[in-house]
Amino acid sequence: MSLDLTVDRGSPVPLYFQLSQRLEAAIERGDLTPGSLLGNEIELAARLGLSRPTVRQAIQSLVDKGLLVRRRGVGTQVVHSRVKRPLELSSLYDDLAAAGQRPATKVLVNTVVPATAAVAAALAVPEGGDVHRLERLRLAHGEPMAYLCNFLPPGLLDLGTGQLEATGLYRLMRAAGITLHSARQSIGARAATAAEGERLGETEGAPLLTMERTTFDDTGRAVEFATHIYRPSRYSFEFQLLVRS
């Protein structure tokens, strides 16, 4: 590792925090790529001229964020940077691909089911009528990132499991001539159930980000109702706020 990780000893900012910020910036820039080794705490402290507790605290803060992992017999290793998703009408697949995260998909459910009241209201279809239900696990670098549940109106487009595992849903919609125009979306957070934790590699009760979205085409027709959950250690939503005068 040949990086400029110098810290300002005269700054009021704690040394561990300065070091963690510099390491995080190096990961976000791609200077520290997934799989890169930092070495153990003793080696890193000696290399940087810092105390071992300072280095340990900096590393632990990045382990807690999911950017680093400690491996017995190996040392401290970079996992990958967190994906920052702008709040716009884009797909998780495209966001991961744009971030260089090598997206992959495992289709868990691809079937037709009766619409519940909530799904029927979102898609403007009769309650109990047929809707297409998709459940997918989205991965990056082979690691679970999100669990996606999507409902589509009947007859919207044919979706084979192979297609869904090869690319993103929005790409398939656009290829079928569907113009995605707008969406109504809400974001929240809650604790993981045991099943969700198992799917995403988290413990039961771990915090998860949630998103619910209804997407409309250019005619105003609802073409998708989605409920997604994300691992906050690997994923975040990014807002841009404007001040009104």
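Predicted model: local features only at pLDDT ≥ 70, side-chain atom pairs only at ≥ 80, totals over all residues.
1. The residue L68 has V78 as its bridge partner in strand β3. L68 belongs to strand β2, which covers residues 68-71. Strands β2 and β3 are joined by 4 bridges and pair in the antiparallel sense.

2. Strand β3, made of residues 75-78, also pairs with strand β1, made of residues 37-39. These two strands run antiparallel and are joined by 2 bridges. Within this pairing, L37 has Q77 of β3 as its bridge partner.

3. Taken together, the strands form an open sheet of 3 strands in the order β1-β3-β2, with antiparallel pairing. Strands β1 and β2 are the edge strands, each pairing on one side only. From one strand to the next, the twist averages 30°. When viewing such a sheet, the student may recall that side chains in a regular strand alternate between the two faces of the sheet.

4. A further point concerns the packing of two helices. Helix α1 spans residues 15-29, and helix α3 spans residues 52-64. Their axes lie 8 Å apart, and the helices pack at an angle of about 45°. Because of this angle, α1 is oblique to α3. The crossing in which α1 passes α3 is right-handed.

5. Which residues of α1 meet α3? On the α1 side they are L15, Y16, L19, S20, L23 and E24. They meet T54, V55, Q57, A58, S61 and L62 on the α3 side.

6. The elements described above belong to a protein chain that has 8 helices and 11 strands. The chain contains 245 residues, and buried residues make up 45% of them.

Methods:
Residues numbered from 1 in each chain as written. Heavy atoms only, no water. Buried < 20%, exposed > 50% of the residue type's maximum accessible area, 1.4 Å probe, protein only. Pairing = 2+ DSSP bridges. Axes fitted to C-alpha atoms, helices over the stretch in contact; angles between N-to-C directions. Parallel < 35°, antiparallel > 145°, perpendicular 65-115°, else oblique. Left-handed = near helix turned anticlockwise from the far one by under 90°. Contact = heavy atoms within 4.5 Å.
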